[in-house]
Amino acid sequence: MKKLILINVFIILIASNLFAQSDYEIVQNFKNRYQQFEQQIKNAVSVEELNALTGEIERFKNEFSTYKELLDKSLYPDNFEKSFDKLGNSLVLRRTDFTQIETLQTEVITLRTEVDELNKKNAELLNQIQILEVQRKKDAETIARLEKLVSELRASLKKRDELVYAIIDSLAPKLSGDVSALTQKEKEQIVAETEKKNVLYIVKKSLRDNTRFLEVTTLKPEDLKDVKEQQSNFVSMWQKVGPKLVDVYAGRKDKAQELKDIDALFTSWKTGIQREAWESIREDFALNNINLQSFYNGNEFTEIITSFINDEIKSYGVKSKEESERIYSVFVDSVWYKTIANEWMPYLLENNLLSSQQKDLIEKKIAEWKEVISPKNLTLIYVGVGILIVLIVAFFLLRKKNGSKPVESAT
Amino acid sequence: MRIFVVLALLVIISAACSSLKLSPAEFGWPIESVQKVDKEGFVKEDRYSFSFNSKALFLEEMQDSMAYQGKDLRIIRNQDGYYFITSKSFKNVYIFEQAEASLELKEKVFVSENGLNNPFFNQRNPYIELVDGDFKIFLTGEGIYGGAK
């Protein structure tokens, strides 16, 4: 037994002299290199990089296989083989990411081609609509054609925007976490991808087209509701990536400016939707030859409408009665009650573009105008009352006459 | 006579209970643990759910109760369950055994006149290897085995 212990000590002494190394340092060294490989797998930007890593990991495993027994005991709760199985699984998963990224990139290329085609088509439609809108006199055929074109353009813009959403969405996974925690390399990858997909350009183009669509068309409240919803969806989608791209592009003045432009275009689109409601209302009056000054908010609208009515009231009797009545009839019957009160008023009130007090003020003014144009005819009332008095007097006279006759006959 | 029989039975039963032994048991850690002493003087080893206050150890080694500040302790346990503790600039290795909510000093092993420079322990069953540059010794629960190399 003593001999066995001595042999044991002898072997240990020889082994210790050969490897006078700290086991703790060996394990720490293994753990550090292992973590580096984990990070490298995570940061890999191509399949080629992953292939190179596979070789390096194999060499790392061979290098440390001498210490397998030590590592088996020290890597609790894992062991040597389990640790390399984990690295292998990470490699497989990362490879799958690249396959998915390649598929997505192919899809994005297809999407971009479709977006380009739709952009061309939309430009043509916008031009055709503008030409028709410029024609002040619109016959039924022109109006029908115009409506068809507007509807076609709206559908086309919507389809194009959905494709743009898909392209923006393809960036979202990379920007889902805390951007400030991204390394410079990761930021550069996102920049490269954004550039490749030309995201900033297509977003700007889309926003400009949507604003231009509002400029060249006259829309109804239900169309505007759709446009508003579309704008809101676009904003939500952009919010996912836009603010984070600002961080990614920090330090690149040209791109930072482009992102600011996009914010400005969003604001312009939102303002455009509000303006469109007022311009469409004005257009409804103009179609009936009532040309009002421009108004872009509830106060201006109330002021211009009441001012117009005040002028009409003042000029009653100055111009011909027929003309005053015609203007009243067109304004009140053909435009106000038929279009504004029925179609626009719910939209204006719902979107806080006009207050109910302002609405009441205008309606009171219209009632006042009506009173001037067609006052309640008192002459008829006077005549009626006169006839009634005559009839009552006649009735009493006749009664009196009839009542005195028998007395006369009696005498 | 009856009393004698009862007493004999009790002695046999109690002897049987006290002689229960689970063996072999292995307490050795595969590698040493290097732990920073916290500002209260505590050392905490997460893997083995093990902690102790080291102030008294530093007072013993350096005669300074605040000497633990910013220090690391190197700790390893051998197969018999003894804890071996030392640190940079220590002249001794301290061998402790586990007691009730404490570590009791079993041996204080003098290893370096000038203090250790960069010591580390390795588990070399049935011994604990202490290395500091060219200096190397094997330790057991009783002290140095085989002398300095």
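Chain B holds an open sheet of 5 strands in the order 1-4-5-6-7, paired antiparallel. Strands here are DSSP runs (E, at least two residues; helices are H or I, at least four), numbered from the N terminus. Two strands pair if DSSP finds at least two bridges between them. Strand 1 (33-36) and strand 7 (102-110) of chain B are the edges, each pairing on one side only. From one strand to the next, the twist averages 30°.

Strand 1 of chain B meets strand 4 (residues 72-77) of chain B through 4 bridges. There, B:Lys36 has B:Asp72 as its bridge partner. Helix 2 (residues 55-62) of chain B packs on this sheet, touching strand 4, strand 5 (83-86), strand 6 (92-99) and strand 7 of chain B. Its direction makes about 150° with that of strand 6 of chain B.

This is a predicted model: local features need pLDDT of at least 70, and side-chain atom pairs count only at 80 or more, while totals for chains, interfaces and linings use all residues. Residues are numbered from 1 along each chain as its sequence is written, chains are lettered from A in the order written, and side-chain values use heavy atoms, without hydrogens and water.

Now chain A. Its mean pLDDT (the predictor's confidence in each residue, from 0 to 100) is 80, and 86% of its residues reach 70 or more. Confidence is lowest in helix 1 (residues 2-18) of chain A, at a mean of 50. It is highest in helix 2 (residues 23-43) of chain A, at 93. Where pLDDT is low, the predicted coordinates should not be read in detail.

Terms used: Axes fitted to C-alpha atoms, helices over the stretch in contact; angles between N-to-C directions. Contact = heavy atoms within 4.5 Å.
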